[in-house]
Amino acid sequence: MKLLRIVFMGTPDFSVPSLKAIHAAGFTIQAVYTQPDKQRGRGKKVSSSPVKECAEKLGIPVFQPQSLKNPDVIAALADLQPDVIVVIAYGKILPKAILDIPRYGCLNVHGSLLPAYRGAAPIQYAIKDGVRTSGVTIMMLDEGMDTGKVLKKSEIVLDAKETTGTLFDKLSVIGAETLIPVLKDLPAYEAAAQSQDESKATYTAKITKEMTQIDFSQPAVVIERLIRTLDPHPGAYVLHEGHRLKIWAADVVPGTEAEPGTIIEVTKTSITVQTGRDALCIREVQPESRKRMATAQFLQGCHLTAGTML
């Protein structure tokens, strides 16, 4: 089969390994579409997406439309006559007018084993729910939310202390490795595509600020998963002396009959807090406006005693 002409759509780091892999495999990447540059930080410095930076290094034309519904944008994309559009965490929904352009349709690399964890935050919710396995799905895009036919899946077992950050990195690489064989034999994969079982579908919403404050009335296992879910961003926190103290690493340990939120033990290296069931032994923290640090370092400058409430 002649190598396909591809338009690539993506924005964050998760998309970059696939873009590099497509390029290395010798496919013709006609254009890369990514989100417009944004102002970030206190200095309002304009920064480009990781995908744009990668595409520019590879010498691929980059387009950053504000909207994919603009008739001129649709016409310009149609003029490229791509065989397939590969979409990975682009951040915009493709209208039907674009879905219909490529000869072989639009492919998506999704960070879950569909139909489980459709939606905006599949990697985060896999950590939050404590599942033992996750993976990536190569699927055909349709007008639904991650409802298209499945072409190929790859599955991995999660580490006991897996975070969103570590799983994000793993799945981005696995996604690229899974995508390339599909692109090299796309007609055969599409002919054998399987519809998803709608009865097994689950959905994920965006991570919100309301989810980031730790509620010690919850079981320790739930809190520990939340901490890993919000690592590396935005982080789970407690209020200590009116300031946010982010918790980055903790272990579930036996508790006492103390009220949830009570510090039940302080050692040179850890702080243990009673929860709704069991307790949480805190190993790594981040005081407000400071860097992440081991609890041992934090305790050198902060005197905490058993019986204090968090």
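**Figure 1. The buried residues of helix α2.** In this predicted model, helix α2 covers residues 50-58, and Val 51, Lys 52, Cys 54 and Ala 55 are its buried members. These residues lie on the same side of α2, because the arc they cover around the axis is only 165°. Their packing partners are β1 (5-10), α1 (16-24), β2 (28-33) and β5 (62-63). After α2 comes Gly 59, which has a positive phi near 75°.

Figure 2. Helix α9, made up of residues 295-300, contains Thr 295. Thr 295 has a relative accessible area of 0% and therefore counts as buried, the limit being under 20%. Leaving aside residues up to four places away in sequence, Thr 295 touches Thr 269, Ser 270, Ile 271, Ile 282, Arg 283, Glu 284 and Val 285. For one of these residues, Glu 284, the backbone nitrogen is 3.2 Å from a polar atom of the Thr 295 side chain.

**Figure 3. The loop between β7 and β8.** Most residues other than glycine have a negative phi, and most peptide bonds are trans. Leu 114 and Pro 115, however, are joined by a cis peptide bond with omega near 15°. Pro 115 belongs to the loop between β7 (106-110) and β8 (118-119). Tyr 117 is also placed in the loop between β7 and β8. Although Tyr 117 is not a glycine, its phi is positive, at about 60°. The relative accessible area of Tyr 117 is 13%, so this residue is buried.

Figure 4. The loop between α8 (220-229) and β12 (236-240) holds Pro 234. The peptide bond between His 233 and Pro 234 is cis, with an omega of about 0°. Glu 241 is located in the loop between β12 and β13 (243-253). Its phi is positive, near 55°, and Glu 241 is a residue other than glycine. With a relative accessible area of 67%, Glu 241 is exposed.

**Figure 5. The protein chain as the setting of the close-up views.** The chain contains nine helices and 17 strands. Its C-alpha trace spans about 70 × 45 × 30 Å along the principal axes. Among its 310 residues, 47% count as buried. Of the contacts with a separation of 6 or more, 65% are between residues 24 or more positions apart. The accessible surface is about 15,500 Å², and carbon and sulfur atoms contribute 51% of this area.

How values were computed
Residues numbered from 1 in each chain as written. Predicted model: local features only at pLDDT ≥ 70, side-chain atom pairs only at ≥ 80, totals over all residues. Heavy atoms only, no water. Helix = DSSP H or I, 4+ residues; strand = E, 2+ residues; numbered from the N terminus. Buried < 20%, exposed > 50% of the residue type's maximum accessible area, 1.4 Å probe, protein only. Contact = heavy atoms within 4.5 Å. Areas by Shrake-Rupley, 256 points an atom, 1.4 Å probe, with all protein chains shown as cover. Polar contact = N/O pair within 3.5 Å; in protein donor to acceptor, adjacent residues only side chain to side chain. Arc of directions from axis to C-beta.
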